[in-house]
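Hello,

Here is the structure we talked about handing over. My notes follow below it.

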Amino acid sequence: MIPAAFDYEVAESTDHAVQLLGEHGDDAKLLAGGHSLLPLMKLRLARPSVLIDIGGLSDLAYIKDAGDHVEIGALTRMCDIAASDLLRRHCGLIAEAAGQVGDPQVRHRATIGGSLAHGDPASDPPVALLTVDAELVVRGPGGERTVPASGFFTNFFETALGPQDLLTSVRVPKLAAGTGWSYQKFHRRAIDWAIVGVAALVERDDGTVKRAAVGLTNMATTPLRSAGVESALAGRPASAEAFAEAAAHAPEGTNPPSDTNASAEYRTALSSILVRRALEAAVA
Amino acid sequence: MAVAERTIGTSPPRKEDPELITGQARYTDDLTMPGMLHMVVVRSPFAHARIKGVDASKALAMDGVVAVYTGADLAADWAGPLLMAWAVSEDLKNPPHWPLTKDEARHQGDGVAVVLATSRAAAKDAAEAVEVDYEPLPVVVDMEAALADGAPLVHEDQGTNKAYTWSLKNGDVDAVFAAAPVVVKERYVIQRAIPTAIETRAVIADPSPAMGEYTLWSATQIPHIVRVAMVVATGIPESKLRVIAPRVGGGFGSKLQVYAEEALCLLVAKKLGRPVKWVEERSENYLATHHGRDQIQVAELAADEQGKIRGFRFNIMVNMGAYLMIITPGTPLLGAFVYCGCYGGDAYEVNFTGVFTNTTPTDAYRGAGRPEATYAIERIIEALARKVGKDPVEIRRLNFLPAFTEPTPMPGGLSIDSGNYDATLDQALELAGYDQLRKEQQVRRERGDTKQIGIGLSTYLEMCGLAPSRVLKALNYAAGGWDAATIRLSPTGKVQVIAGTSPHGQGHATTFAQIVADDLGIPFDDIEVITGDTTLAPLGMDTYGSRSIAIGGVAVHRAAMKIVEKTRRIAAHELEVSDEDLDYASGTFSVKGAPDRAKTVPGLAWSAWTAHDLPDGMEPGLEETAVYDAANFVFPYGAHICAVEVDTETGQVDILKYVAVDDVGVVINPQIVDGQVAGGVIQGIAEALFEEAVYSDDGQLLTASLTNYEVPAASDVPSIVIGRGPELPSTTNELGVKGVGETGTIASPPAVINAVIDALSHLGVTDVPRPASPENVWRTIRSTRGGDGR
C-alpha cells in the first residue's frame, strides 16, 4: 500500500492550480478528497508523477442559492451535500445520492468535484447530476466554460476535462414544484458501490407524467440516461401499470459490466426492477 | 473479615481496553529496531509457472537496496521445509513447502524472491524491478477437475493431486442404509473463505550476531509453536530464539500458522546481521495468508418412516490448495466427530479426500472443520424433515440425544460432557417468537408479497478445547494439547499470572484475572496477566480451537489452587492449627469454629517472602505452575434461529432477527462471551450471505481486496439476541467451562441458509448456493419459477 514516487505541489488558488496543471500537463493529477485517487495510487494502478493538492482552496467549498439553480463548489464534501437544507428543498435527489456514497468517513473527505472528475460509472452523484441536467463549470487555460452533464462523461473513467482543466462548480437546476424523485441504490454492503442504481424524477401534471428523467448507475461505461424509459413515460398516466411497462425499457442502450458481485444478466434484470421501484417511490 | 465479591459471572471493564481505545497498543508494525531493513516478497502473478530465471540486477542498483535473494539463493541455507504437523494418514502426500519456491510457483502469490532495503518504499519499488522469467504451466483450481484423469498436477513428482484419504466409521453403516426405509442424500458446496483479521501479518527478526541470538516478533496466535517450527526451518536452536507475539489484531485461525515470512526474516537477519521487518499488505494477505473451508460434501441420512435417524454418511472433498501447511490436512478432522450434530443414530461414517489445487493453501479458519460438519448435518436434517413431512423443530426434537449431565457417548464416537438440547431449543424458540414468525410468514404467503419471510434453525453440537494429548496422538498430530500457567505473588500480595495461551482479541488478561481474583480473594486490579512471549511465558501451546478458557483457564485455576494449598500450610503454621482445621473462602483461611482467627493470601505472601517463620522444609516464595492436559474435549451446543426477509424479485436477503442460544457451561465474563457469540455469528452470517473467495479458471484470485471480498460491516448485519440455555457445567474440567470462541461461526451458516430456503420453499426451492448473494438467490428463484419470481 505504498504508492510509486511522486512530487507534491500545493495550489494556493484556482488560478494557481490551473497554472500548475499547465506546467505539469498529463503527468499531474489533482488531489481533492483523495478517496478515489489515493487507493488507486496505493495499489499502483495510478502513477501520477505530480500531485497538485487543491484541498486548501476553501473558496471552492460552498452550496449557494443562485436563483434558478443551486451552485455547489467542486470541493464541497459529500457529507455537506447530503445534509444541505437548500438542496433538500430544491433538488433533494442530489443530497440523497451524495448521502449514499461510501460510509460517513468517506463522505467527510470525498468531494463532489473529485467524484465527477473521476468519471466512475458506479458512483452515485454523477448519475443524480446527469438525471437533473446539471451543468458543470470548468476553468481551463482558455478561461471558464460550462459543460452539460450529458456531455461530460465520455467513457470509462474518462470525462470532458482536459489535462489542464479544473472543475470548479456544479449548477443544479431547481426542480419544478411537485416533482417527485427517488434514488434506488442496490448493493450488498452499505459501503459498496452500486451494483445498479437508479435515479428518477417524475414531474406530474394532473395525474399524467409531464416529464420523467431516469438515470442508471453502473449499467454502462458511463453514467447513463435511460431514453427508452423516459420516452415510454411521457404523457402516460403516473400509474403502477405505466411504470412497469416503461421499466421494461430500462435495459435499452445499456452495457453493464460483469464482476464478482453481479453478472451483466443480473444487472440487466435489476435495472428494470429498480426503475419501476424508483418511479413508484418518486410519486409516492 | 469481609468476603471478596465474586468476579466470575460479572463483566469488569476489560484490562485490555485502555490502550486499545486510546490507540496506544503496540502491534508488530508499530515496533522499530536500530538499523532495521525492510523486506518485500516478490510473488508469482501466475497460479502455476516454472521459474526459468530471476534477474535482480536492476533492483540491486536502486537506492537503498541491500540484497535480493531468490529461492535458489537460499536453498542451501534451510535446515528443512516449513512445518506440516499433521500427517493424518499413511497415504498422505506431503511435498516439501519451502519459504521461497526454488523451481515452480504453484499458486498466485507463491513467494519467488525477497528484496531487502533500508525503507519499505525502496523495497517495494525494487520488488517491482525484479525480473522473473516465468513459463506458465497448466492450472487446476477446481477439486473435481483436479482428481480427473489427465488433470494438470500441482506437484508433478507426486503423480496425483489426491493429497490423502481418511475415514471414520462406527457401526455397520452399509447395512443400516440398506435396511432404512428413508434415505436422503444431498450435495453441498462450502465456498472458500478468507479469514481477514483486521491486522494483517507482520514480522520482525532482530539478531544479536555476537551472541548468536534472535528475537522474532510476529503477529501470530502461536509464538510457542512458531519457536519450535523455526528450529525445523532455520536450524536456529530454541535456546537462541525468543518469539514474541505483541498485541495481535485478530487471527481467526489465519495466524495459527507457521509462515514463510517468519523463517525468511530470521534467515535474512542472520545472513545480513541486521534486524529485518516484513509487513503484509491487504491484497498480499489475501494471496499469502491461508484460506479456509472449501469443501464439496455429499451428505446422507438413513432414517425410519418417522424421520428417526439410523445412520449418517458423509463423503467430503477438501481443497488443500497448493501446499500442506501446519494442519491443512487435519483441519477437516476437527469436525469429523460432530457430523452427527446433537442427534442419535446407530451407524456413522465420514470420509475425507484432500485435493491439491493451484490455489492459496487452506488451513484452520474459526471453527476449523466443525462449521463444515455442522452445515452438512443441519442442512441434511431439514432435507429429512421435508422427506418425512415434519417441520424443522419436530424433526430435531425427535432426534435429539436425551438430556444428560454425565459423560454420554454419541454416534461420532466421543463421549459428550453435558447437554440438554431441548432446553436450548426451547429458549431460542421463545426468544425468536417462533410461532409469531410462522404466522407472519403465512400471512405474507397468502398475500403473495414480494418480500417473503423464512425461518431457519441450527441446533448444533461442537467439540473444542483442543485437545487431549492422547487423542491428538491417536489422530497422528505431532504435538500435545495441554497448556500451562504460573502464578507468582509479590511480597505485597500482587499477582502475576503467566499463561501459555496467546491472546489476539479474546480478553485473556481480564478473564484469567477474574479466575485468580476469585480463587485467591485478591482484587482484580492487583492481578496482571503475561502472555505471548516464549521467554516470559515459556510453557504453552497457544490459542486456537476455543482452548484458552477450557485448557488455559483451567491451568490458571489449578495454579491458583496450588497457591491456596501452599498458603494453607503457612496459615496453619502461623495459627498453630493443623491444615484440616482451616476453612478457606475467597482468599481467607479461618479456623473452624473461630472465624476471627484468620489469615489472608496477600498477608501470607509476605510471610512466604520474608521466610522468617515458614513450616519446616518449605521453600520461601509463592510461585506455582500447573500444566493441564484435559481428559476429554468440551462440547458447547445450542440452538440458533434466523428469520430472513427475501426479496423475491431481486434475491436480496435481509436478516430480520437472529437468536443465538449457546450453552457454553459456566460463564466467566458475560460481556466477553457475548462479544465472542456476536462476532462469531456475524462471521458465519458473512459466510452464508456475503463472502466468497473466487478464482478464475487460470487461478487468479478475483476477490483479492476488501472492495470485492465482501466482509460485512456493522451496518450490514443485525443485532444478535443472545441466550445461554441451561448453563450445564462441563464435566470435563473443574471450572465447568466450555469454549465459546467458535460457536457462532459453527452454528450460524446453516441457520441463515435454512432460513433463505424456507422463505422460498413455497416456490419449490430446496437448495441455495453459499453465499446466498442476491444474484445466487435470484438465479435460484428463476430456475424454479421460469424467470419471473413473482
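**Domains, a sheet and a helix**

Chain A is split into domain 1 (7–53), domain 2 (63–173) and domain 3 (179–283); such bounds come from an automatic or database domain assignment. The centres of domain 1 and domain 3 of chain A, taken over C-alpha atoms, are 35 Å apart.

Please note that this is a predicted model: local features need pLDDT of at least 70, side-chain atom pairs count only at pLDDT 80 or more, and totals for chains, interfaces and linings use all residues. Residues are numbered from 1 along each chain as its sequence is written, while chains are lettered from A and ligands numbered from 1 in the order in which they are written.

Now the sheet. In chain A, three strands make an open sheet, ordered S1-S3-S2, with parallel pairing. Strands are DSSP runs of E, at least two residues; helices are runs of H or I, at least four; both are numbered from the N terminus. Two strands pair if DSSP finds at least two bridges between them. S1 (7–10) and S2 (28–31) of chain A are the edge strands; each has a single partner strand, so one side of each lacks a neighbour in the sheet. Four bridges link S1(A) to S3 (residues 50–53) of chain A. A:Tyr8 sits opposite A:Leu51 in S3(A).

Next, chain B. Helix H8 (residues 260–272) of chain B has 13 residues. 10 of the 13 residues of H8(B) are buried (20 or more other C-beta atoms within 10 Å of their own, C-beta atoms being placed from the backbone), so the helix is largely enclosed by the rest of the structure. Among them are B:Cys265 and B:Leu266. Just after H8(B), B:Gly273 has a positive phi of about 65°.

Best wishes

Conventions. Expected span 1.5 Å × (residues − 1). Buried ≥ 20, exposed ≤ 12 C-beta atoms within 10 Å, placed from the backbone.
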